[in-house]
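Please look through the sequence and the three-dimensional structure shown below.

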Amino acid sequence: DEVVFRALNGSLAWGSVWQGFWAIANWRPFDLVSGVVVIMLTMQCLRGDDGGRFVHERLASLALFGLVIAAIKIFAFEIVIGEVLNYDRVSPSRVLEGAVFLSKKITWVKAKDASGSSFPGDHAFVLSMMMAFVWIHGRRRMGLLALVCFFPFYLPRLVGGAHWATDVLVGGGALTLIGVGLWFGSPLHGAMVGLLMRWTPRPLALMARGLGFK
């Protein structure tokens, strides 16, 4: 944790241009950029290589997967970690000496560079979950593209010092493995997708047509 923090946060001493770049990357509205990239890759992986034959199933899977992400965030992040365990982990920028605070270096952007409760990394969790969805439905090529495109979005909070590396690896990665494994690796996924397709055939068909699928 400390080695990763020192390497990434220490790079902010390179100069004001580098600091400005990471300050913008740690600015809350910048998260919209990662959101747009996630949406674009997700829509593309829904098409697949089959001419849209299974688009209804994939749209249903995506809708339900969004509920799974929300459920895990509420149950694991807020209830189990926040209420039951009452675990608050202070970010490295507030714990380790010599940290470079972006908010003090760059004042024209409100950069997030500290947190009183950094674990788990909810931003990393959502990115990891969506990367897994793209990998599963878009196969290896889309999965590798998602890995390349999503990876830079993990770095801003680590460089700024708002999260430890293990906030991302454990809080984001481990919960993703559990969530994806329980959802896609069990009969629950197929059963729920089938029910949703039977209950909402027309809305899914209209949505698919609006997205350009045949």
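What share of the contacts in the protein chain with a separation of 6 or more is accounted for by residues 24 or more positions apart? Such residues account for 82% of these contacts, where contact means heavy atoms within 4.5 Å. This is a predicted model, in which local features need pLDDT of at least 70 and side-chain atom pairs count only at pLDDT 80 or more, while totals for chains, interfaces and linings use all residues. Residues are numbered from 1 along each chain as its sequence is written, and side-chain values use heavy atoms, with hydrogens and water left out.

## The fold

The protein chain has 11 helices and zero strands; helices (H or I, at least four residues) and strands (E, at least two) are DSSP runs, numbered from the N terminus. Of the 214 residues in the protein chain, 44% are buried, a word that stands for under 20% relative accessible area, whereas exposed stands for over 50% and partly exposed for values in between (1.4 Å probe, protein chains only).

Helix H2 covers residues 16–25, and its buried residues are Gln19, Gly20, Trp22, Ala23 and Ala25. These buried residues of H2 pack against H6 and against helix H8 (155–160).

## Aromatic rings

A pair of aromatic rings is described by the distance of the centres and the angle of the planes. Rings of Phe, Tyr and Trp (its six-membered ring) pair if their centres lie within 6.5 Å, and planes under 30 degrees apart count as stacked, over 60 as edge-to-face and the rest as tilted. Seven aromatic pairs are found in a search of the whole structure, and the table gives two of them.

| Pair | Centre to centre | Angle between planes | Type |
|---|---|---|---|
| Phenylalanine 21 and tryptophan 22 | 5.0 Å | 80° | edge-to-face |
| Phenylalanine 133 and phenylalanine 184 | 6.4 Å | 55° | tilted |

Phenylalanine 133 and phenylalanine 184 are both buried.

Phenylalanine 21 is partly exposed because its relative accessibility is 47%, whereas tryptophan 22, at 8% relative accessibility, is buried. Trp14, Trp18, Phe21 and Trp22 form one aromatic cluster. Tryptophan 18 lies in helix H2 and, at 30% relative accessibility, counts as partly exposed. Leaving aside neighbours within four places in sequence, tryptophan 18 is in contact with Ser11 and Leu12. The side chain of tryptophan 18 also makes a polar contact with the side chain of serine 11 at 3.1 Å; a polar contact is a pair of N or O atoms within 3.5 Å, where within protein one must be able to donate a hydrogen and the other to accept it, and residues adjacent in sequence count only if both atoms are side-chain atoms.

## Two buried residues

Is phenylalanine 5 buried or exposed? Phenylalanine 5 is buried, because its relative accessible area is 3%, and it is found in helix H1 (residues 2–10). The C-alpha atoms of phenylalanine 5 and proline 92 are separated by 7.3 Å, although these residues are 87 residues apart along the chain. Not counting residues up to four places away in sequence, phenylalanine 5 touches several residues, including Pro92, Leu96 and Leu158.

Serine 115 is placed in the loop between helix H6 (102–105) and H7, and serine 115 is buried, with a relative accessible area of 11%. The side chain of serine 115 reaches the backbone nitrogen of serine 117 at 3.1 Å. Among the residues that serine 115 touches, not counting those up to four places away in sequence, are Arg89, Arg94 and Ala162.

## Empty space

Rolling a probe the size of a water molecule over the atoms shows where empty space is left. On a 1 Å grid over the protein atoms alone, a cavity is a set of points where a 1.4 Å probe fits but cannot get out, and a pocket is an open set with protein on both sides within 12 Å along at least five of seven lines; lining residues have an atom within 4 Å of a point. Grid points are joined across faces, edges and corners, and a volume is the space filled by probe spheres set on the points.

Two cavities of 30 Å³ or more are found in the whole structure, and the largest cavity has a volume of about 50 Å³. The lining of this largest cavity includes His123, Phe153, Tyr154 and His163. The largest pocket holds about 230 Å³ of space, and His123 is one of its lining residues, as are Asp31 and Met130. Helix H3 (31–47) and H7 are the elements that give two or more residues to the lining of the largest pocket, and H3 gives the most, with seven residues.
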